[in-house]
Amino acid sequence: MKVVFLTLLLSCGLIFGQKAVPADFKKIPEILDNIELLYPFIVPDKAYAYWRVLSNDSDYEKAVIYESQAPDFMTINEPVPERGFFQKCMGNNCFSYILACKNEKPVYFSSEQQLRDFIGTVDNLPEAILLAKTYGYSVDTGNRFTGSYKIEDHHILMYLMQSKGCPAVKESFWIKINRKTGKLEAKSNGVYAKDENCSSL
């Protein structure tokens, strides 16, 4: 076990010692590592009269994460789906979903792929981070190799991370997202952290 850990540390040091985040990449603001604060930046690919992001919390007031502007008379009362995106557990307050109103009918978006479809064209950095999250990548603003970005005309480039397993292992990735299609490419930069205490990562 110690040999494996030592090997990971050495390989990590070699990888990060030979590479550097390009100087034209900016630091991702710390506030953007909170998924719930990204939803207001979504510019849906299609026009909806109204939409809201909810969790499956049994308390309806607590379930609403974000809701767009809507006419006062418009309400949507629909049952909670059985599953959603960013599933954390089974039971109450374990996943999120979007409920939208189009042509006076409710439309659900309750999977990672459906969230990607809802976002459509990637208009900004928060949308890019959300899209990357649907593939299991997230922001760690404590490290340039896991919290940097660059916006180009046709792509958004980011350095993000994945955390897997127990003992928990963090791995840095270079991410390239096509702004028009939402297609994501990823390339590993190697493991940069390992912790026996899984809850700490």
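Is Thr141 buried or exposed? Hi everyone, let's start there. Thr141 has 14% relative accessibility, so it counts as buried; buried means under 20% relative accessible area, exposed over 50%, and partly exposed in between, using a 1.4 Å probe and protein chains only.

A quick word on the model. It is predicted, so local features need pLDDT of at least 70 and side-chain atom pairs count only at pLDDT 80 or more, while totals for chains, interfaces and linings use all residues. Residues are numbered from 1 along each chain as its sequence is written, and side-chain values use heavy atoms, with hydrogens and water left out.

Back to Thr141, which sits in the loop between helix H4 (125-133) and strand E6 (148-151). Helices (H or I, at least four residues) and strands (E, at least two) are DSSP runs, numbered from the N terminus. Beyond its neighbours within four places in sequence, Thr141 is in contact with Lys27, Ile28, Pro29, Glu30 and Asp33, where contact means heavy atoms within 4.5 Å.

Next, please find Trp51, in strand E2 (residues 50-55). Trp51 counts as buried because its relative accessibility is 5%. Leaving aside neighbours within four places, its contacts include Tyr39, Pro44, Tyr66, Leu99 and Phe118. Trp51 and Leu99 are 48 residues apart along the chain, yet 5.7 Å separates their C-alpha atoms.

Last, the cysteines. There is one disulfide, meaning a pair of cysteine sulfur atoms within 2.5 Å. Cys89 and Cys94 form it, with their sulfur atoms 1.9 Å apart, and the link is left-handed, at -95° about the S-S bond. Cys89 is partly exposed at 34%, whereas Cys94 is buried at 1%. Cys101 is buried too, at 7%. Thanks, everyone!
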